[in-house]
Amino acid sequence: MLQNIRDNSQGWIAKTIIGVIIALLALTGFDAIFNATSNSQNAAKVNGEEISLDQLSEAVNLQRRQLQQQLGKDFDASLLDEKLLREAALKGLIERKLLLQGAQEADFSFSQSALDQLILQTPEFQVDGKFNADRFDQVIRQMNYNRLQFRQMLEQEMLIGQLRAGLAGSGFVTAAEVEAFARLEKQTRDFATLALKADPAAVSVSDDDIKAYYDGHVDQFMSPEQVVIEYVELKKAAFFSQVEAKEEDLQAQYQKEISNLAEQRQAGHILVEVNDKLNEEQAKAKIEQVKQRLDKGEDFAALAKEFSDDSGSAANGGDLGFAGPGVYEPAFEEALYALKEGEVSAPVRTQYGWHLIKLLGVQAPEVPSFDSLKPKLEHDIKAQQVEQRFVEVSKELEDAAFEASDLAQPAQELNLEVKTSEPFGREGGEGLAANRQVLQAAFSPEVLEDGANSSAIELDPDTVVVLRVKEHKKPEQLALDKVSDSIRQHLMTEKASEDAKAKGEALIASLRDGKTPVEQAKDGQSWQVVEAATRSQEGVEPVLLQAVFRMPKPAAADKPEFTGVKLGNGDYVVIRLNGVSQAEAKLSDEEKAMYSRFLASRSGQQDFASYRRQLQEKAEIERF
């Protein structure tokens, strides 16, 4: 094919192709090409704002990690449908972008000072009850964020939270609605049930019935399609014995580790904000007055409680806790690190306003010894080498398998063992056959029909396999005599259930017409009476309870309502509703408040859901 194109590149074929390209350009315009190029790094645009492929990739990975945390060791990443995962992640990013745009349009904001306080007071970032910069870095690094990215993400989350709270919190209900809901919620019902058992032993099924069902459902009686596969498995752990950590590398890694340890400083501050009440000059004059009082010997903590606009720290005498470099704004940090313990800075201007900063304490980093870190350092260095070697050998395995007609040669070249699986079908099996990627590869046309080796399949970050189909067992029609017993049982159960339902419906019709008195409609067993049942009544099957509370109120005490419900086991239950009791007792203030909060919250959530739909409907969304 390629040679034919090359041979004809100067002939009529080339001229025809060029002619088609020119025609397409004339019809679609060069803009289409340029737009495609410009959007090659984007996953979508929302009202002109871009969502990059990198953001989408991060969102997909985050979803995968969250599932792994929720399911723990039972989580198998291969069972995830990557297309559905990507679609869900993109949908979430688009919705997040719309909500952020909505929050910005509504002028919601979250100050950097409040963001600082939120970070400093988050328990996950604290050690022994105090903020710890190393712990902070460790946690956000696990989330694949640097400090700036995390602050941006957190600010966005708080803005969305404000928007949600503003809408959801605005829901309200009237007193009449609360009372109506309470009456329904407190309503009780008196009813009785009569179960008509489905008895398979009481029905008969002929051989002709079995044959007819078999002929009409031939697709149900096929042997499962199965394959037996051969595979070679590459384990990352096998490479650790092949690498070593040199002493100079260990020392270099140790120096790198301890260089990241930073001194922690405990800061206190008094903040005077520049805002609508105080302009720049007034705020500066106020902070200078506070500084004069400090210079005269007044207590810093007392003045912070009296004057600081940072409500989060003012209650603690301005104490911000311990933090390392990179947490505070540069001007604030520069002033803090220029102080000696107990000193107070001159007024410092940041984007929040004017500060007086006091160094309350200093914690020198605890430097672990080389010997204490050596096992970790050795493992880390070896892991880096093993990772590189594992990637290289995985590529060698894939290349060798692609070129070979079976797995014997690749296995011999890489000193691997060819293993054989138990038979399994498209629904999977145990061990290797439980992996979705393995199933997809084993039943792919290239492997199943063409007999090719698969590409390298990553079972987990430490394991790669290549497989081929050794045996293909195609579906075959099962003989009638092998399935007749299961068909007979199915038909008997089905027929018994139909008979019970028919008998029950006839009984209900007779009861409604008054032809059969209630006391005679017992069929060898008594009515099971339940009085004053609530909507969450214990001891009653939910399907029966739902049916009871859907029934209309009886017209009179001597005129009950009737209905019937088929249960999952085939039994049919006749329900007799005797009466409905409406709660008339006055609600206590506590009950009113509880119902009001519940209904208002539900109303607010509905309002927020409507707002999100409105944003979606009005938005200009492009997916690439």
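Q: Let us start inside. How do the residues of the lining of the largest cavity divide?
A: They divide into six nonpolar, four polar and three charged. Here Ala, Val, Leu, Ile, Met, Phe, Trp, Tyr, Cys and Pro count as nonpolar, Asp, Glu, Lys and Arg as charged, and the others, Gly among them, as polar. Please note that this is a predicted model, where local features need pLDDT of at least 70, side-chain atom pairs count only at pLDDT 80 or more, and totals for chains, interfaces and linings use all residues. Residues are numbered from 1 along each chain as its sequence is written, and side-chain values use heavy atoms, with hydrogens and water left out.

Q: What counts as a cavity here?
A: On a 1 Å grid over the protein atoms alone, a cavity is a set of points where a 1.4 Å probe fits but cannot get out, whereas a pocket is an open set with protein on both sides within 12 Å along at least five of seven lines; lining residues have an atom within 4 Å of a point. Grid points are joined across faces, edges and corners, and a volume is the space filled by probe spheres set on the points.

Q: How many cavities of 30 Å³ or more are there?
A: The count comes to two.

Q: Which residues lie nearest the centre of the largest cavity?
A: Of its 13 lining residues, Asp 116, His 269, Phe 332, Tyr 352 and His 355 lie nearest the centre. Helix H6 (112-120) and strand S7 (264-273) are the elements that give two or more residues to this lining. H6 gives the most, with four residues. Helices (H or I, at least four residues) and strands (E, at least two) are DSSP runs, numbered from the N terminus.

Q: And what lines the second largest cavity?
A: Its lining consists of Ile 119, Phe 136, Arg 147, Arg 151, Gly 326 and Val 327. These divide into three nonpolar, one polar and two charged.

Q: Turning to pockets, how much space lies in the largest one?
A: About 1,100 Å³. Of the 27 residues that line this pocket, Leu 62, Leu 93, Arg 96, Tyr 145 and Met 153 are the closest to its centre. Two or more lining residues come from each of helix H4 (53-71), helix H5 (82-105) and helix H8 (147-168).

Q: Which helix gives the most to that pocket, and with how many residues?
A: H4 gives the most to the lining, with ten residues. The pocket lining as a whole divides into ten nonpolar, twelve polar and five charged residues.

Q: What is Tyr 572 in contact with, beyond its neighbours within four places in sequence?
A: Its contacts (heavy atoms within 4.5 Å) include Leu 194, Ala 195, Leu 196, Ala 500, Ile 508 and Val 565.
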